[in-house]
Amino acid sequence: MTLMKKMIGVTGVALASTAFLAACSSSSSSSSSSGKEEVVFATVGTTAPFSYEEDGELTGYDIEVAKAVFKDSDKYEVTFKKTEWSSIFTGLDSGKYQMGGNNISYTEERSAKYLFSYPIGSTPSVLVVPNDSDISSYDDIGGHSTQVVQGTTTAAQLEEYNEEHADNTVDINYTNENITQILTNLNDGKYDFKIFDAPTVNSVIKNQSLDDLKTIDLDSEEQPYIYFIFGQDQEDLQEFVNKRLKELQEDGTLTELAEKYLGGDYTPSADDLKVPTSD
């Protein structure tokens, strides 16, 4: 064997060894330095009272419930990552994140791609309008304008409304602004109404002193629960989280956190602790 062939052979072994080590490193990247399995939890971090920053740290109802779920776990260690709303879902698709939470409601479309936890809270929707608005109920929104984030349940609801009311549609304006800015725009007279959950709306109106706004309750046939979601390959994680949520409901932790962050006992009953289905 010539010297050149020997050198090529050694180089090939070295490259193969490097590739093998890299693969091993990649396959173990889901383990934290503590030896526990790392759960990367994606959230927007700008939607009080569910997820927001306070003194540089993420907090809010979804965040604190997740912290309580993983507290003292021997198997899992959770880390929180801020991202845009749509990136929660694409990150779960790619495996970048294992879990997400940010006032996330159930839809059939989402259930086809993600696993759902038991409900973590209830968020009844309200119609937000200026004090002098001529809108007095949901039936009056036709011919008026609003802002929505694309891909949300409200966006889908209003798109369906426009299909059914082609002669008097809602002027839907898509935006990436957070709910605080959207309600501020409404307060400033730039748009006519906003549909959002009561805990968030009440929190923003109070904290931002949006005195020109009022809320109108909306009827709902079903309790509008919110959930954590997981990638489709996270059955073990889903089972662990649901077991812990049941314990937190029973010992009053969920109620305590809801009253602190949502302003009331917006929590599921023991009978409602079930994974949602389209049935």
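The points below go through the helix packing and a few single residues of this predicted model.

1. Overall make-up. The chain is built from nine helices and 13 strands, and 45% of its 279 residues count as buried. Where contacts join residues at least 6 apart in sequence, 74% of them link residues at least 24 apart.

2. Helix 2 against helix 9. The axes of helix 2 (residues 61–70) and helix 9 (residues 253–261) come within 10 Å and cross at roughly 155°, which means that helix 2 is roughly antiparallel to helix 9. The crossing of these two helices is right-handed. On the helix 2 side the contact is made by Tyr61, Glu64, Val65 and Ala68, which meet Thr253, Leu254, Leu257, Ala258 and Tyr261 of helix 9. Sorted by class, the residues in this contact are seven nonpolar, one polar and one charged.

3. Helix 2 against helix 8. With helix 8 (residues 235–250), the axis of helix 2 comes within 9 Å and crosses at roughly 100°, so helix 2 is roughly perpendicular to helix 8. Here Val65, Ala68, Val69 and Phe70 of helix 2 meet Leu237, Phe240, Val241, Arg244, Leu245 and Leu248 of helix 8. This contact has nine nonpolar residues, no polar ones and one charged residue.

4. Helix 6 and its ends. In helix 6 (residues 179–187), the buried residues are Ile179, Ile182, Leu183, Asn185, Leu186 and Asn187. They pack against strand 8 (125–130), strand 9 (145–148), strand 11 (194–197), helix 7 (198–208) and strand 12 (213–217). The N-terminal end of helix 6 is capped by Asn178, which places a side-chain oxygen 3.1 Å from the backbone nitrogen of Thr180. Just after the helix, Gly189 adopts a positive phi of about 85°.

5. Helix 7 and its ends. Ala198, Pro199, Thr200, Val201, Ser203, Val204 and Ile205 are buried in helix 7, and what covers them includes strand 6 (99–104), strand 7 (115–122), strand 8, helix 6, strand 11 and strand 12. At the start of this helix, a side-chain oxygen of Asp197 reaches to within 2.8 Å of the backbone nitrogen of Thr200, a residue that is itself listed among the buried ones. Ser209 follows helix 7 and has a positive phi, near 55°.

6. Asn162, a buried residue in helix 5. Asn162 lies in helix 5 (residues 153–164). Its relative accessible area is 17%, and it therefore counts as buried, the cut-off being under 20%. Leaving aside residues up to four places away in sequence, Asn162 touches Thr169, Val170 and Ile172.

7. Although Lys260 and Pro49 are 211 residues apart in sequence, their C-alpha atoms are 9.5 Å apart in space.

Note on methods. Residues are numbered from 1 along each chain as its sequence is written. This is a predicted model: local features need pLDDT of at least 70, side-chain atom pairs count only at pLDDT 80 or more; totals for chains, interfaces and linings use all residues. Side-chain values use heavy atoms; hydrogens and water are left out. Buried means under 20% relative accessible area, exposed over 50%, partly exposed in between (1.4 Å probe, protein chains only). Helices (H or I, at least four residues) and strands (E, at least two) are DSSP runs, numbered from the N terminus. Contact means heavy atoms within 4.5 Å. A polar contact is a pair of N or O atoms within 3.5 Å; within protein, one must be able to donate a hydrogen and the other to accept it, and residues adjacent in sequence count only if both atoms are side-chain atoms. Axes are lines fitted to C-alpha atoms, for helices over the stretch in contact, and angles run from 0 to 180 degrees between N-to-C directions. Angles under 35 degrees count as roughly parallel, over 145 as roughly antiparallel, 65 to 115 as roughly perpendicular and the rest as oblique. A crossing is left-handed if the near helix is turned anticlockwise from the far one by less than a right angle, and right-handed if clockwise. Ala, Val, Leu, Ile, Met, Phe, Trp, Tyr, Cys and Pro count as nonpolar, Asp, Glu, Lys and Arg as charged, and the others, Gly among them, as polar.
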